[in-house]
Amino acid sequence: MERYVDGYVLSVPNDKIDAYREMADEAGQLWIKHGALEYFEGVGDDMEPDMEGMTIRTFPQLAETGEDESVVFSFIVYESREHRDEVNAKVMDDPAMDAENFDEEMPHDPEQMAYGGFRSIVSHAK
């Protein structure tokens with residue numbers, strides 16, 4: 001079955017990783033509640049891989065990550081683009097998304113975030 005994925009790469013200050021994880025956990029529960037198939041957030045671990053001489057652009061370069069920041073890679077899986085649009089509309093209408101519910105500022109700089117929606121062209125699963 002074809003899937004649709006929203007993908008994100010962003011930088012988070014190291015001293016705000018716990019705050020980001022808490023925000024991401026709440027967001028993940030909200031997206032799943034409204035129909036997303038999977039929600040994933042991961043923090044960079046192997047950001048300078050040995051590609052045996054092949055020149056690549058690393059995630060820290062892509063996200064313009066500073067020395068005191070970590071890369072976060074995230075994705076949300078949907079049945080289709082239409083399903084993504086339906087789920088996201090429900091999430092945005094959820095009372096949990098009201099600005100008054102946010103006591104603290106974002107634990108990352110949105111200007112360092114890359115985002116896109118992707119339709120699947122190859123998919124394998126066990």
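A nonpolar core is a set of buried Ala, Val, Leu, Ile, Met, Phe, Trp, Tyr and Cys residues joined through side-chain atoms within 4.5 Å. Buried means under 20% relative accessible area, exposed means over 50%, and partly exposed lies in between (1.4 Å probe, protein chains only). The views below show a predicted model, in which local features need pLDDT of at least 70 and side-chain atom pairs count only at pLDDT 80 or more, while totals for chains, interfaces and linings use all residues. Residues are numbered from 1 along each chain as its sequence is written, and side-chain values use heavy atoms, with hydrogens and water left out.

**View 1. The largest nonpolar core has 15 residues.**
Those with the most contacts inside this core are L10, Y20, W31, A36, I76, Y78 and V87. At least two core residues come from each of β1 (4–13), α1 (17–33), β3 (69–78) and α3. The most, 5 residues, come from α1. Helices (H or I, at least four residues) and strands (E, at least two) are DSSP runs, numbered from the N terminus. In soluble globular proteins, nonpolar side chains tend to be buried together. Apart from neighbours within four places in sequence, I76 is in contact (heavy atoms within 4.5 Å) with Y4, V5, D6, Y8, W31, A36, E38 and Y39.

**View 2. Four strands form an open sheet in the order β2-β3-β1-β4.**
The pairing in this sheet is antiparallel. Two strands pair if DSSP finds at least two bridges between them. The edge strands, β2 and β4 (114–119), each pair on one side only. From one strand to the next, the twist averages 15°. Between β1 and β3 there are 10 bridges, in the antiparallel sense. One of the residues to look for is V9, whose bridge partner in β3 is F73. Helix α1 packs on the sheet and touches β1, β2 and β3, and its direction makes about 170° with that of β2. Axes are lines fitted to C-alpha atoms, for helices over the stretch in contact, and angles run from 0 to 180 degrees between N-to-C directions.

**View 3. W31 and Y39 form a tilted aromatic pair.**
Rings of Phe, Tyr and Trp (its six-membered ring) pair if their centres lie within 6.5 Å; planes under 30 degrees apart count as stacked, over 60 as edge-to-face and the rest as tilted. By this rule the count comes to 5 aromatic pairs. W31 is buried, at 11% relative accessible area, whereas Y39 is partly exposed, at 21%.

**View 4. The rings of F40 and F75 are stacked.**
Their centres are 5.0 Å apart and their planes lie at 20°. This pair links distant parts of the chain, with F40 in strand β2 (residues 38–43) and F75 in strand β3, 35 residues apart. F40 is partly exposed, with a relative accessible area of 33%. One aromatic cluster is formed by F40, F59, F73 and F75.

**View 5. R84 is a buried residue of helix α3 (residues 81–93).**
The relative accessible area of R84 is 8%. Neighbours within four places in sequence aside, R84 is in contact with Y4, D6, Y78, Y115 and G117.

**View 6. I56 lies in the loop between β2 and α2 (59–62).**
I56 is partly exposed, at 35% relative accessibility. Not counting residues up to four places away in sequence, I56 touches P49, M51 and Q61.
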